[in-house]
Amino acid sequence: MLKLDGVTKVYRIGAFGGQTMTAVDDAGFEIKPGEVVSLIGESGSGKSTIGKMVLRLLPPTSGTISIDGRDVRSIGRRDYYRKVQGVFQDPFSSYNPVFKADRVFAMIRQVYFKGVPDKEWTAKIEAALDAVRLSPGAVLNKFPHQLSGGQLQRLLIARALLLDIEYLVADEIISMLDASTRIDVLNLLADLKQRGLGVLFITHDLALGNYISERTVVLHKGRIVEYGPTDAVFEQPEHAYTRKLLASVPQLHTKWEDAS
Amino acid sequence: MTLEVDDLRVYYRTLKGDVQALDGVSFGLRDGEILGLAGESGCGKTTLGKALIRLDGRMKHVGGSVTLDGQVLPIGDDVKMNPYRFKQVSLIPQYSMSAMNPTRKIGRMVRELLESRREKLDLDELHSRLDLVELPRHVLGKYPIELSGGMKQRMVMVISTLLNPSLLIADEITSALDVSTQKAVVTTLKGFRDRGFVKSMIFITHDISLTNQLADTIMVMYAGKLAEKAPASTVVNAPKHPYTQLLISSLPEVGVRYADKRLTGIPGNPPSLLKPEPGCRFRDRCPLAFEKCAEDPPPVEVEKDHVVACWKAA
């Protein structure tokens, strides 16, 4: 279980860091294995900051993040990243355009699987690609610009799966994808939870969060305003902010005027 | 008819040849009509929007004509197009954050802009429009950097429509905004039309659910061609083109859960537009494709105002 407890992040801003801004204020929730938790909020609500803290790209100002009861700060980074990995918003800037896209796999091999023979490694890659429903012939040995955004995002998920991770931080991973391909990546995430993967699904799109997650956290200005099972949050929102957010979502079959 | 576009073709020049980004699109726009232009990235929707106001250096007007209020727009000629811009055709750019001159206070920038068009600034009118979009009047004394993203977006909307253009093009103006700001922007745009600030509007977006909140008519494009054009409710509830049908069914809505109902995407990718093969461009991904699809499907009006370019629908 990945658990956040009283996590706060204060950024120093201004010319000489003279002012402070609290990006995340006393956030606490947990992700169980095999569960998708969506973190919903508008821009500036601190949702990406939470993702970065879980990935240890930023240290929390106060509070603890623990995994199976162990404070993550006591785990070495190398070991930690075998358990927790992230995929980010823009698939095109996640890759170095100079190198072939499958270099992301080779980099993993250099660090974690040095002794693994070629044959075993190829089999491992094929298994990971199969799990994200990509055919090796279509994606291996290609440069990033030759692949579509959906393929690139799925390659990054495959890369994370190579490490047998337990938790995945998915920070707006489908916001840049087209409507016809984004749903496939979303379904893929939902399928992965059957393998016991816990997913922190960060999004600003309420419909996507609603579609995929078991539990939902709604953030507003760094504070958690609503946290609970997805049905409850979407059907009986308790906080006024959640209600306002839900009322603003453009729905395909109902117009705003009719709803109000 | 405010706008009449007839068989418009705009290609991009590249080293490998011409990319046929807009390949024979025809449609009309009535007075007071808002057209929502939807489609995936690379379908030509931004190219169409740009073609109506300014072709950039890589774009080439290959054929077809654009008529606005009975006058043929010289869209292939950058200089001759100048008198029409801002007065007859105006644009709200996608990134309002970078659309304003950062070295000028907003009021001075607006005045200079109008002077460059040999127009006089009507300060009362400007004030009343600021009130309408709920911007305080003192923003005119501020620099763009002092405004928030939503405020900048509204300011740009006011500037773009100041001379009451006949046609307004809004290109993905909401994609960088939060849902609640999005709603406010869309409502304001509708207000501009209702008050007659703009006669008609083309609202370009990839988000069909959002388009449906605003548009009277929705036009769906695929790979540089028109796929379907119909009144908004028809496109959403009874689409005829297989692409539109698949696109609509792949959209998750609040209330749809993975556990209850599994949505599916459309397998495959759009074709390359460098040297596209003749025939329907959707046929490789289309579940209904048959031999006839090797020929180009002409856009056919199957019902009143409902145009579909598909052999199966006609």
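## Burial and the model

A residue is called buried if 20 or more other C-beta atoms lie within 10 Å of its own, exposed if 12 or fewer do, and partly exposed in between, with the C-beta atoms placed from the backbone. Because Pro298(B) has 11 C-beta neighbours inside 10 Å, Pro298(B) counts as exposed. Pro298(B) sits in the loop between helix 9 and strand 11 (300–303) of chain B, where helices (H or I, at least four residues) and strands (E, at least two) are DSSP runs numbered from the N terminus. Although Pro298(B) and Ala309(B) are eleven residues apart in sequence, their C-alpha atoms are 5.4 Å apart in space.

This is a predicted model, in which local features need pLDDT of at least 70 and side-chain atom pairs count only at pLDDT 80 or more, whereas totals for chains, interfaces and linings use all residues. Residues are numbered from 1 along each chain as its sequence is written, while chains are lettered from A and ligands numbered from 1 in the order in which they are written.

## A strand in chain A

Strand 9 (residues 215–220) of chain A is largely enclosed by the rest of the structure, because six of its six residues are buried. Arg215(A), Val217(A) and Leu219(A) lie on one side and Thr216(A), Val218(A) and His220(A) on the other, so that both faces of the strand are covered.

Two strands pair if DSSP finds at least two bridges between them. Strand 9 of chain A runs parallel to strand 3 (residues 36–40) of chain A, with four bridges joining them, and here Ile40(A) stands opposite Val218(A). With strand 10 (residues 223–229) of chain A, strand 9 is antiparallel and joined by six bridges, and Thr216(A) stands opposite Gly228(A). Strands 9 and 10 of chain A form a hairpin with two residues between them, and Lys221(A) in the turn has a positive phi of about 50 degrees.

## Nonpolar cores

A nonpolar core is a set of buried Ala, Val, Leu, Ile, Met, Phe, Trp, Tyr and Cys residues joined through C-beta atoms within 7 Å. The largest one has 85 residues, of which Leu35(B), Leu37(B), Ala170(B), Met201(B), Phe203(B) and Val220(B) touch the most other members. This core draws at least three residues from each of domain 1 (3–88 + 170–182 + 199–278) and domain 2 (96–164) of chain B, the domain bounds coming from an automatic or database domain assignment.

Two residues are in contact if their C-beta atoms, placed from the backbone, lie within 7 Å. Leaving aside neighbours within four places in sequence, Met201(B) is in contact with residues including Ile34(B), Leu168(B) and Leu189(B). A second, separate core of 73 residues includes Ala23(A), Ala160(A), Tyr167(A) and Leu186(A).

## Where the chains meet

Across the interface, 32 residues of chain B are in contact with 30 residues of chain A. Helix 6 (179–194), helix 7 (208–214) and helix 9 (242–249) of chain B each supply at least two residues of the side that touches chain A, and helix 7 gives the most, with five residues. By class, this side of chain B has 13 nonpolar, twelve polar and seven charged residues, where Ala, Val, Leu, Ile, Met, Phe, Trp, Tyr, Cys and Pro count as nonpolar, Asp, Glu, Lys and Arg as charged, and the others, Gly among them, as polar.
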